Amino acid sequence: MIKENIEIGKNQDNEVKKETDEVAVEKSFRIKTSRGGEHRVSCTPGDLDEFTVGMLFARGDIQSIKEIKEIKISLEAGEIYADLRKPSLLENRNLEKKKMPDPLDKAALFSMAEEIFLNPGPLFSSTGCAHCCTFVSGKETLCKIEDIGRHNALDKGIGYCLLKGIDLG
């Protein structure tokens, strides 16, 4: 569950009126790795595989998606376990030069940004309280993902790209 309905009181004309409002949920997790790493985090409890992969990558616990054997998630216990392979220095090194997509001109960039802002994700649309991270390549949207925390949305986006084999270089 990434959102829930709660009862709130709204002040209208100096009178408190009770209403039901939809809000994004945040849950605490303890992420452990087979290498002994441990992180405590709070995030929206959706896209947890993507979040775990992106967070481990961003924090330097892994250098490649190939290092992950398995991710086990216990939503009820608030625990995530990442079984990791031993890193290979040669496997993670990419020595070939890659051609980067041509940069967008200003008008195209602002047009994409406007599209993202005018069409937010479903969590923001229903609650008004989520951050969205969008990855693009050229004019193509690769991923659009949400979380209650900005940094968590970014970690989820990184994880999404790594899990789908999308090159972040």
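Is R30 buried, partly exposed or exposed? R30 counts as partly exposed, at 21% relative accessibility. The model described here is predicted. A search of the whole structure finds 7 salt bridges, and R30 takes part in one of them, with E79. Side chains of opposite charge can pair when their charged atoms come close.

**Salt bridge E79–R30**
- In the pair of E79 and R30, the closest N and O atoms are 2.5 Å apart.
- E79 belongs to strand β6 (residues 79–84) and R30 to strand β3 (residues 27–33), so the bridge ties together parts that are 49 residues apart in sequence.
- E79 is partly exposed, with a relative accessible area of 33%.

**Salt bridge E7–K18**
- E7 and K18 form a salt bridge, with 3.6 Å between the closest N and O atoms.
- E7 sits in strand β1 (residues 3–12) and K18 in strand β2 (residues 15–24), 11 residues apart.
- E7 is exposed at 58% relative accessible area, and K18 is exposed at 65%.

**Salt bridge K156–D147**
- The side chains of K156 and D147 meet in a salt bridge, at 2.7 Å from N to O.
- K156 counts as buried, at 1% relative accessibility, and D147 is buried with a relative accessible area of 0%.

**Second largest pocket**
- The second largest pocket has a volume of about 360 Å³.
- Its lining has 17 residues, and the closest to the pocket centre are A113, I116, F117, C132 and T134.
- Two or more lining residues come from each of α3 (106–118), β7 (131–137) and β8 (140–147).
- The largest share of this lining, 5 residues, is from α3.
- By class, the lining of this pocket has 11 nonpolar, 4 polar and 2 charged residues.

Methods:
Residues are numbered from 1 along each chain as its sequence is written. This is a predicted model: local features need pLDDT of at least 70, side-chain atom pairs count only at pLDDT 80 or more; totals for chains, interfaces and linings use all residues. Side-chain values use heavy atoms; hydrogens and water are left out. On a 1 Å grid over the protein atoms alone, a cavity is a set of points where a 1.4 Å probe fits but cannot get out, and a pocket is an open set with protein on both sides within 12 Å along at least five of seven lines; lining residues have an atom within 4 Å of a point. Grid points are joined across faces, edges and corners, and a volume is the space filled by probe spheres set on the points. Helices (H or I, at least four residues) and strands (E, at least two) are DSSP runs, numbered from the N terminus. Ala, Val, Leu, Ile, Met, Phe, Trp, Tyr, Cys and Pro count as nonpolar, Asp, Glu, Lys and Arg as charged, and the others, Gly among them, as polar. A salt bridge is a side-chain nitrogen of Lys or Arg within 4 Å of a carboxyl oxygen of Asp or Glu. Buried means under 20% relative accessible area, exposed over 50%, partly exposed in between (1.4 Å probe, protein chains only).
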